[in-house]
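Q: Could you take one part of this model and go through it closely, in a connected account? Please give the cut-offs behind each term as it comes up.

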Amino acid sequence: MITGPALIPTLGPEGAACTAHIRQDYKGPSEVLGDVTTEILRKGGRLKSHSGEGRGSKPCPECGRRRLSLSGAGDCGHHGREEAASRQPREELFCRGFGGVCLVFAGHPLDTIKVRIQTQVKPGPGQTPLYSGTFDCFKKTIGVKGLYKGMLAPIIGVTPMYAVCFLGFGLGKKLQQKHPEEILTYPQLFAAGMLSGVFTTAIMAPGERIKCLLQIQAATGEKKYAGPMDCAKQIYREAGIRGIYKGTVLTLMRDVPASGMYFMTYEWLKNVLTPEGHSVTELSVPRILFAGGMAGIFNWSVAIPPDVLKSRFQTAPAGKYPNGFRDVLRELIREEGIGSLYKGFTPVMLRAFPANAACFLGFEVAMKFLNWLAPNLVGEEI
């Protein structure tokens, strides 16, 4: 089968690919043709017809090369990539951080309900459970403040977590690429996403530990911790750094496969939603939000069982599970059956789409705000 890169030499003399010639010369599967056009756009080329020269065909005044950037903002593909590289880390770190804050704010109430359902103890004979379901837990949670218990811990960690997450994903892709322009397969994207889950665990594990303890203390009626900092101090005083990082293995077991699923399905959905002959960079905001929201659902469909074990283990008294997650798993299966590994499924699924869509919406809003605030500060410190 002819692959995308094999067709790249059919680019026109001005660095633009004629869509008519591509469709005329190539008779293979349409998805491969989509890969070809995506590769052309990734290499800095443009798609055009014979009807006109198209935007971006003027030579660069500095090096004489033809402009190849999609927006025409760069003088050529070479300079455009340099400009993007100079501004990407600063702008995207801020925007991803803001998107992460939007995710936490939109999803934390249902996350609180999820943790309380996952950690409630099995009722004795003749007793009813504390929460009969998602909506019962919602009704019994006192006010909006109760739903946002423990939110400060993930808010503090979300910006560095997202920075480390995309650093790990980028490294995972580079380790598998034979050359920078190689398009990775979906299993390779899954592997790169798994590496990002490894990277984020160092930040996620202590944040999750503190968050879960604060979320359940209101349900028990015990006011042991005044806030995230007080919680961290008490844990450290009682159990040291190992107490802070309690549940790290289970956080890895949750985030490694879940992150792989997230990045793989997000890239797949973007490709599916991209019209033929267009680049994924041209996707509309609603389609990006849909892809992000659905990727969140796929992510949590993988993450729920280890998340249940993690919530139980991180909120248990010291010494209750001496053999770690194996003891938690045995207890859950013995007392509540295999279905207990999916406790909290309803609030997780209700939360997954809007929270992840809010993350991408926050990213888009932050990018537009930066472009409005400083449209000409390309490569400048913001």
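**A surface patch and a pocket**

A: Leu373 lies in helix H13 (helices are DSSP runs of H or I, at least four residues, numbered from the N terminus). The model is predicted, so local features need pLDDT of at least 70 and side-chain atom pairs pLDDT 80 or more, whereas totals for chains, interfaces and linings use all residues. Residues are numbered from 1 along each chain as its sequence is written, and side-chain values use heavy atoms, without hydrogens or water.

Together with Phe94, Phe369 and Trp372, Leu373 makes a nonpolar surface patch of about 480 Å², to which helix H13, residues 345-373, gives the largest share, 3 residues. Patch residues have over 30% relative accessible area and no salt bridge, with nonpolar side chains (Val, Leu, Ile, Met, Phe, Trp, Tyr) joined within 5 Å and like charges within 9 Å; areas are Shrake-Rupley values with a 1.4 Å probe, only the protein chains shown counting as cover.

The second largest pocket holds about 1200 Å³ of space (an open set of points on a 1 Å grid where a 1.4 Å probe fits, with protein on both sides within 12 Å along at least five of seven lines, and lining atoms within 4 Å of a point; the volume is that filled by probe spheres on points joined across faces, edges and corners). Of its 44 lining residues, Leu213, Arg312, Thr315, Ala316 and Pro317 lie nearest the centre. By class the lining has 21 nonpolar, 10 polar and 13 charged residues, where Ala, Val, Leu, Ile, Met, Phe, Trp, Tyr, Cys and Pro count as nonpolar, Asp, Glu, Lys and Arg as charged, and the others as polar. Helices that each supply at least two lining residues include H4 (77-119), H10 (248-273) and H11 (285-315), while H8 gives the most, 6 residues.

Glu208 forms a salt bridge with Arg254, the closest N and O atoms being 3.2 Å apart (a Lys or Arg side-chain nitrogen within 4 Å of an Asp or Glu carboxyl oxygen). Because Glu208 lies in helix H8 and Arg254 in helix H10, the pair ties together parts 46 residues apart in sequence.
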